[in-house]
Amino acid sequence: MKELLKKFENQQPEIVFEWSDSESEAEGWVVINSLRGGAAGGGTRMRKGLDKREVESLAKTMEVKFTVSGPAIGGAKSGINFDPNDPRKEEVLKRWYKSVMPLLKNYYGTGGDLNVDEIHQVIPITESYGLWHPQEGIVNGHFNATEPQKIRKIGQLRQGVSKVLEDPTYTPNGPKKYTVADMITGYGVAEAVRHYYEIWGGQLKGKRAIIQGWGNVGAAAACFLAVEGVKIVGIIDREGGLINEDGYSLDEIRELFLKRDGNKLVADNLISFEEINGKIWDLPAEIFIPAAASRLITKEQAERMVKTGLEVISCGANVPFADPEIFLGPIGLWTDEKVSVIPDFIANCGMARVFAYLMSDAAVVTDDAIFNDVSQTIAKAMRVTYEKNPGKTKIAQASLEIALKQLI
């Protein structure tokens, strides 16, 4: 596996597109690791301090993810080094998408990612430049779709991704309406935990969970876990957090989901970041959901969680461990050898799978069909891993080896 990994990591990306904004300090990159199957896919993220190396590593992660989610295409990623809280953000995004439009028309499909919203930013901006859908490049490059096929596939994408959820099973009760794109990644992360206990054995109900990050992924995963009877005992977010050793009720978790300010946790009794960061890693819990930014989990934090009885990590964030390596560095490997780590390319493949499903001829555009398809896709990948590795450790390594063998 190490040889395969080294070969894959050291492979030069096929295409690197570099951009400097003419009207601000923003800079950006599209990295296309390969045009496997004639196209490549991966979302657009924005954060201050982002660099080309981060975008390249995420493009390689996407390529591995497509071995699980489909379609059989190459991995790509867009990254913009700019402060997402800057009031000029919208104008920067408009200039960015205008410059990458030829790629998006022909062979690259994108979507939302960190600090870039699929529904409110990616789709309307790209539509204003004449793109039918942000996945149009995949429909053209991979599927070589005829005009009627293209109209059908893009129609399904337009309807499905932005679909307002009607089935109460998949959305928290409240005045605000949520879409498939809002809930699907967090749903997949929670389903990965459910399938883990079904496949490897154990009772999910009554387990305790810690959630890192309260954006769409972490907050939605917490809601879906709470529905299954999991006790959410701790939440750590960028500016603070909450601890309740008895576990928050489903209603309390839903309320915290609905009260969010964008991606920010809002609560009257919020503990400061310094205090929560000092306490949460020693909180007894069996489940950990890292769903904040990449490369945050330190060796010390992992060791402290393992000591308190951690059983499974379902990676909502891409590459959650603070390693410089693209996939598994020393912290990730150490953790994978101590507990069950469901890797990001399986656990958080929900949105990628939705795109693949909606581009297929078999797609049915209902809440139940879309969410069930994601759940089954994750379960299938986990069963394949279980056949290779029925032990409760080294799950991430086994999953990665299965994926790499399909790519090299």
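The chain comprises 16 helices and 13 strands, where helices (H or I, at least four residues) and strands (E, at least two) are DSSP runs numbered from the N terminus. Its radius of gyration is 20 Å, close to the 22 Å that the globule rule gives for 408 residues, so the chain is as compact as a globular protein of that length; the radius is taken over C-alpha atoms, and the rule is 2.2 Å times the number of residues to the power 0.38. Along the principal axes, the C-alpha atoms fill a box of roughly 55 × 50 × 45 Å.

The model is predicted: local features need pLDDT of at least 70 and side-chain atom pairs pLDDT 80 or more, whereas totals for chains, interfaces and linings use all residues. Residues are numbered from 1 along each chain as its sequence is written, and side-chain values use heavy atoms, without hydrogens and water.

Of the 408 residues, 60% are buried, meaning under 20% relative accessible area, with over 50% being exposed and values in between partly exposed (1.4 Å probe, protein chains only). Among contacts (heavy atoms within 4.5 Å) between residues at least 6 apart in sequence, 75% join residues at least 24 apart.

**Helix H6**

The buried residues of H6 are Lys150, Lys153, Ile154, Gln156, Leu157, Gly160 and Val161. Seen down the axis of H6, these residues fall within an arc of 150°, so they line one face of the helix; the arc is that of the directions from the helix axis to the C-beta atoms. They pack against helices H4 (118–128), H5 (136–141), H7 (180–200), H14 (350–358) and H15 (367–388).

**Aromatic pairs**

The structure holds 12 aromatic pairs. Rings of Phe, Tyr and Trp (its six-membered ring) pair if their centres lie within 6.5 Å; planes under 30 degrees apart count as stacked, over 60 as edge-to-face and the rest as tilted. Two of the pairs are tabulated.

| Pair | Centre to centre | Angle between planes | Class |
|---|---|---|---|
| Tyr170 and Phe371 | 4.3 Å | 25° | stacked |
| Tyr187 and Phe224 | 5.1 Å | 75° | edge-to-face |

Tyr170, in the loop between H6 and H7, and Phe371, in helix H15, are 201 residues apart. Tyr170 counts as buried at 6% relative accessibility, and Phe371 at 0%. Tyr187 lies in helix H7 and Phe224 in helix H8 (residues 216–227), so their pair ties together parts 37 residues apart in sequence. Both Tyr187 and Phe224 are buried. Tyr170, Tyr187, Phe224 and Phe371 form one aromatic cluster.
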